[in-house]
Amino acid sequence: MIHSTNPGTYRWYALVLGLCVALQLHAGIPRWIPLAALPQAVEGHAMVMLRDGAILSVGGFSATGAATDATSIVDPVTGIITNAQPLPQARARFATVVVTTTAGSDVYVIGGYTGTLANATSSARVDVFRYDAATRSGTWRAIGSLDLAVGDCRAVFDGVSSVVVTGGTSQPSGAAGTGTAVQRSWTINTTSFVVTRGADLTLPRSAHAALRYVDALNRPAVLTAGGEAPPPTTATELLLAGVWDARTNPPRQWRNDGGSVTDRSGTARVFGGRTPAGVPMVDCEFYDPKSGWRAAPRMAEARAAFGVTAVSGPTDTASAVLVAGGATAAAPTRGAELFVLPSGTDPVGGWEALPPLITASSSNAASMSAWNLPAVSGGRTAAAPSAILQILQPLNAPDVTLPPTEVAALSDSVILRVTNTWVLPVRIDRMVVEGTAEFIVAFDTSAPTLNAGASRNVLVFFRPATEGPRSGRLVIHMGPVRDTVQLRGTGLSSTVSLTTSGVDVGDVIVTTQRDTCIALVVNQGTDTLRIDSLRIDDADVTITSPLGRPRIAPGETLRICLRYRPTARRVLTAALTIHLGSKVLPVAVTGRGVRRFVVVQSRPQCDTVTATVGSTLSLVANITNPSDRVVRITDVRVTSTTAGTVVLDPSMTFPADVPPGGALPVLLVQTVVREGREDIVLTTVDDGDTVARGTICTVPRSKAVQLDASVIDLGVVCGGQTVDRTIRLENASSIETIVIDNVSFANISGTTSATLPLVLQPRTAATVPVTLTIPDVGNVDGRISFDGAAGSVVATVVGTTAPSADVVLQSTAAFATGGVARQAIVATPTTTQNLELGISYNARALAPRAVTLGVGFGGTVDIDRVELGRAAVRMALDRAPASGEVVAFVDWDVLRADVLQTVMTVGPTPAQPCVASDTVVVDIDPLCGGSAGLVFAPTGALIVRPQSGLIVVHLVNAAPHGVLTMYNLQGQAVSTARIASTTTTMPSIAEYGVYSCVYRSADGVVVRTLFHNLP
């Protein structure tokens, strides 16, 4: 929040159609600054924010007192004001409404006064300025006229589709506002632009309030209040179904020329205005839809005819309203105040003072802008109208003084804390140092956004170019808004010398480190010396002490410590430079990085050997030492592709020393456990500076084919179907060619489309497609053999066989609502004795009641309602059915529903996936015949929906004052409740079945329906 009340002294220059830069004597404090000049001085004009944050200024009375047609747009990026197409009719003190469109905004200008302030004529025109956000331009369009010319009328968008216009003053001549108040109202359709006269107000009104609010049912509504003849005739009128209703509570205070706004919560509020005696007031009120107008906290300063705006930018909204300027009892005021809306911590809300405006004015205009900042324009000062467009600068950023610093050196940073005192986020576009290059600023982002009340730190540095006092200024850009911070510092000069020109850090093993320290820099001057920086140009050497920017007192010597950690085997020749502003002191740093390591000699090509499984191979690998020191090897660790198959030869002993340029042969023994590539990795355990690791490989081969999978798992398959698979055969040998001349099948029927004989060249593979026929009974346990002169390889085929079945549903007649329908399940030749079928159905129309075996069948049968709309039927028959036999009957409860026809499907279940699907269409005969018998038809009266633990009953098209009773099919009442609303709940019924629901109203109306209960 802004708390400062000292605006300082202002100097500003206005550039017509351009940007105005404000130079402040007291910069860095929140204040109003001039942004630009309007095309001409005006009062009684309108200023509104458009969809993209641009500001539109329209009309008003000029400095000569004449109404103007001036229209201008403040660009939402640059802040530059440009002239737009003039208002079709010059006028002032009109009603203005902004309606957001898909492309931008529509600004409605309604009624107003033409002529001059002293001799004005009311206008009936309605014009719309259509603004395009993409081009940042717009045009006027005359859409019609009111049936009576009025000025000082009021208008509001109803939040749906219309602009509602109320009251105003009708006059053919005379001073503006001296005519006769009217009680008419009009509506303007925002889509068709049609202007229609509405119902008359109950009282004539002018310079009143017309507001949208949220009513007790959370719907947008419109009211008008104030501006009528003085008390006792004051009243509030609500627009209800197109008619103005004055039965609600009247305002607590009579007022006109006050401020009015609908806040972000949808509450209508009025501020200040004039009393019946014409005296500005401080009183404020808000409208409560439940209890009428209620008192709100009062402003600090009485005012009327002032600018007011809800604090809401293009993307951000705050719970606050701003009022600025206005007429007081003595003269126009510069005062500006912010009303913070009620909240959970402040249930009343309250006013906070803002910095005063640059000029005192009344009949001014206020709006928000693209930069989340409020703007105030024009208005009548004590002498004449004003052309100023001023905007709030909300940042608090104090001036900065930097510490004395060596010439050309960089000072320590000083924190400049920038605080946003406004209630909305503010974006800082950039910060620029002007007037000198001796001051440097650093921020944590190039374009930061400061949230309401948030602070960010700017680091300021000083690098003087000469001795003595230096100054500059930091300009903070927020769109076209500027804030200036003064920067000051003093430049110094010092005298230094070195104790030596070179440092030797010695020989250091690579990846190890050594620290070397030396007293190096002497301060021979009379001032404390600040080292700007210590730098070294080699990444293997770091400065461990001192860190940061050390100080050296007069006569003292700075001790510098270096850490050498070589990363490579080389001679070090580095340069240490000591920077003191413009002075650079060089020191040579020398040393040597040495290595101590061994290398396991890898072989990129594998050795292919002929070997049989179970035999052993003798292998040799070499370890060499190309480094500068002797390396002691204490162990060699061996890993291989097949764990445990390759080990060190027992004759190998450790430790073993390998001198520079020397080598150590390592003997290995490999046990062959399979054909194919065997990668062998050797890793040394030694005192070298790096891990030694290398790889050799062997490829034992014999004349055999390898399969990509020795077991083919088909999973669950249906008896009698065919399954296609592919099997990949690989010849892993690097020498032999293998021929497959036959593919045979055992315990399973199958064929292959491969062309035989199949020739596999060395290190090649081929894919063989096979088609398998699944047996009708029994699980799959087959073999596929690929045979050739070099032998055979066998793939095992496994799987679980599920029996296939095929049934159909028969529906020979329509199902009658409220009764029980029987439906047959008919067998086909593939049906088995043990069946589980899934039946899907419309649960709103049908419910399975029972299942019985068909004539001539013995065994067991049951039905399981798996879930609403799906059931499982299980049958264990004493014999296999013949084609066309009815194996079972399903009895269905037929409910009153919302359909005359529905679909039923029979198919597989997870327990028996090999059942073919069949779908039938079921016709439903309603109780009353035709669509009139549907329970969910638009003319229906009861909707009953059983749920978990309760039954929900919806009453349609009947008065909810009566008794609701549930009956079973024997006519016994099982539940009764008295209801008083269209929706009620009753306890669930424990028993499954069809029930009747009967409603008897207090007027004797009886409504009934059937429903199916699923406990």
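This report describes salt bridges in a predicted model.

## Basis of the values

The model is predicted, with local features requiring pLDDT of at least 70, side-chain atom pairs counted only at pLDDT 80 or more, and totals for chains, interfaces and linings using all residues. Residues are numbered from 1 along each chain as its sequence is written, and side-chain values use heavy atoms, with hydrogens and water left out.

## Salt bridges overall

The whole structure holds 46 salt bridges. A salt bridge here is a side-chain nitrogen of Lys or Arg within 4 Å of a carboxyl oxygen of Asp or Glu.

Strands (E, at least two residues) are DSSP runs, numbered from the N terminus.

Asp-152 is buried, at 6% relative accessibility, whereas Arg-93 is partly exposed at 26%. Buried means under 20% relative accessible area, exposed over 50%, and partly exposed in between (1.4 Å probe, protein chains only).

## Asp-257 and Arg-274

In the salt bridge between Asp-257 and Arg-274, the closest N and O atoms are 3.3 Å apart. Asp-257 lies in the loop between strand E23 (243-245) and strand E24 (259-262), and Arg-274 in the loop between strand E25 (268-271) and strand E26 (284-288), so the pair ties together parts 17 residues apart in sequence. Asp-257 is partly exposed at 24%, and Arg-274 is partly exposed at 23%.

## A network

Salt bridges with shared partners connect Asp-147, Arg-184, Arg-197 and Asp-200 into one network. Within it, the side chains of Asp-200 and Arg-197 meet at 3.1 Å, N to O.

Note on methods
Helix = DSSP H or I, 4+ residues; strand = E, 2+ residues; numbered from the N terminus.
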